[in-house]
Amino acid sequence: MRATFPHLLHLDVALGILYPSLGIEIVPPPPITQKTIEIGVKFAPQNACFPLKVTLGNFIEAIERGADTIFMVGGVGPCRFGYYGQIQRIILEDLGYRVQFVLLDHPRYGVRSFLSALRAMTGGRLFLPEIVRVARLSFAVLRFTEELEAHRRALRCQVKDPQELDRVIDGTIEALRRVKTLRELEALKTSTLEKLDALPRNGRKDFLKVGIVGEVYIAQETRVNFNVEKLLGDLGVYVHNSVSTVEYILHTFRPLTRSREKLEAWELAKPYLKRFVGGEGIDSVGSTIRYAREGFDGVVHLYPFTCMPEIVAKGVLQAVSRDFDLPVLHLAIDEHSGEAGLVTRVEAFVDVLERRKQEKKRGLKRNGSLSRS
Ligand code: SF4
């Protein structure tokens with residue numbers, strides 16, 4: 001078996017630890033490029049979700065490199081995610097690719113098919129101590145890649161040399177590919193945090209704070225969202241991203257696991273959106289409210305063009321934005337999106353936030369001098 005999987009930021013680092021330890025040879029897709037997107041767009045239905053197109057491009061590029069098996073998670077409605085794997089399997093068959101398509105659905109949609117997919121994904125073995133050990137290690141590695149990205153977003157506006165910040169974080173992510181034990185992981189964490197602490201700071205304390213919400217793939221995959229986080233960071237903005245693959249996995253396999261973050265976001269969203277609308281629709285609403293309460297200056301809402309749950313969220317977010325006086329920039333992304341237009345919109349958004357911040361400060365000063373007089 002030569003297995004492949006779709007890219008999602010640093011998922012390949014974690015799976016690159018998991019699968020070889022289980023005796024499964026992997027053929028990761030090459031990094032996402034314009035060519036990947038063009039391949040996906042060419043063979044997917046025109047109205048399919050953009051993430052389906054990009055991940056289809058991943059699969060075809062990996063098959064051309066020798067992959068014969070695809071591992072993919074299944075999904076449920078009410079949005080189109082429930083059809084993703086099936087559509088991709090049919091497209092690949094129609095194109096003449098002879099590959100095994102292993103779809104891992106939640107056990108509540110069929111324990112037998114869940115176990116058989118899990119068996120295929122674990123090299124025919126289930127729940128042996130060695131599998132539990134490597135699964136824990138690869139999950140811990142995935143979690144650490146997300147912590148690293150959180151540091152990158154938070155520190156970019158605060159360090160003197162952002163390129164040095166990138167070197168430290170990218171170097172650690174590469175080193176993570178060679179980690180064999182939790183002890184090695186802990187040592188790497190400690191040394192990386194020391195390096196990040198030691199980076200010279202630029203002395204700025206008063207920066208804009210912007211949160212990111214949206215659909216799980218577009219909000220995280222920097223190679224398709226034009227790296228909005230970096231763009232904001234380079235404009236001197238402190239960035240936080242509420243979307244996480246780790247939390248997504250924990251939530252998917254509830255009640256065996258649970259995501260506190262998501263449960264909290266769903267609770268916060270209740271006054272505005274009570275029902276599950278698919279994908280991350282409720283999360284986008286709840287996380288925006290959390291950002292408002294935490295004093296963030298604005299929110300960027302990232303989603304694939306035509307994504308039904310996020311279109312619902314977009315409507316609801318207009319009320320949230322008004323009630324909490326929090327500007328929200330909605331960015332719908334697909335194969336037709338251009339970098340220049342997106343950069344202009346983000347720059348204009350940051351200008352607006354900066355002006356609002358200065359006006360608030362002036363207002364506070366004026367009120368302060370009035371109350372003293
Ligand atoms: S969440 Fe949006 S992008 Fe993802 S499958 Fe559903 S409709 Fe498509």
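Student: What makes Cys49, Pro51 and Arg80 residues that surround the ligand?

Tutor: A residue counts as near a molecule if its C-beta atom, placed from the backbone, lies within 6 Å of it, and the residues that surround the ligand include Cys49, Pro51, Arg80, Glu215 and Pro309. This is a predicted model, in which local features need pLDDT of at least 70, side-chain atom pairs count only at pLDDT 80 or more, and totals for chains, interfaces and linings use all residues. Residues are numbered from 1 along each chain as its sequence is written.

Student: Which classes of residue make up the shell around the ligand?

Tutor: Ala, Val, Leu, Ile, Met, Phe, Trp, Tyr, Cys and Pro count as nonpolar, Asp, Glu, Lys and Arg as charged, and the others, Gly among them, as polar; on that basis the shell has eight nonpolar, two polar and two charged residues.

Student: Why is the ligand said to lie between domain 1 and domain 2?

Tutor: Domain 1 (2–123) and domain 2 (204–364), whose bounds come from an automatic or database domain assignment, both give residues to the shell, so the ligand lies between them.

Student: What makes strand S6 and strand S8 edge strands?

Tutor: Strands are DSSP runs (E, at least two residues) numbered from the N terminus, and two of them pair if DSSP finds at least two bridges between them. Four strands form an open sheet, with parallel pairing, in the order S6-S5-S7-S8, and S6 (238–241) and S8 (328–333) each pair on one side only, as edge strands.

Student: How many bridges join strand S5 to S6?

Tutor: Four bridges join S5 (residues 209–214) to S6, and Asn241 in S6 is the bridge partner of Ile212.
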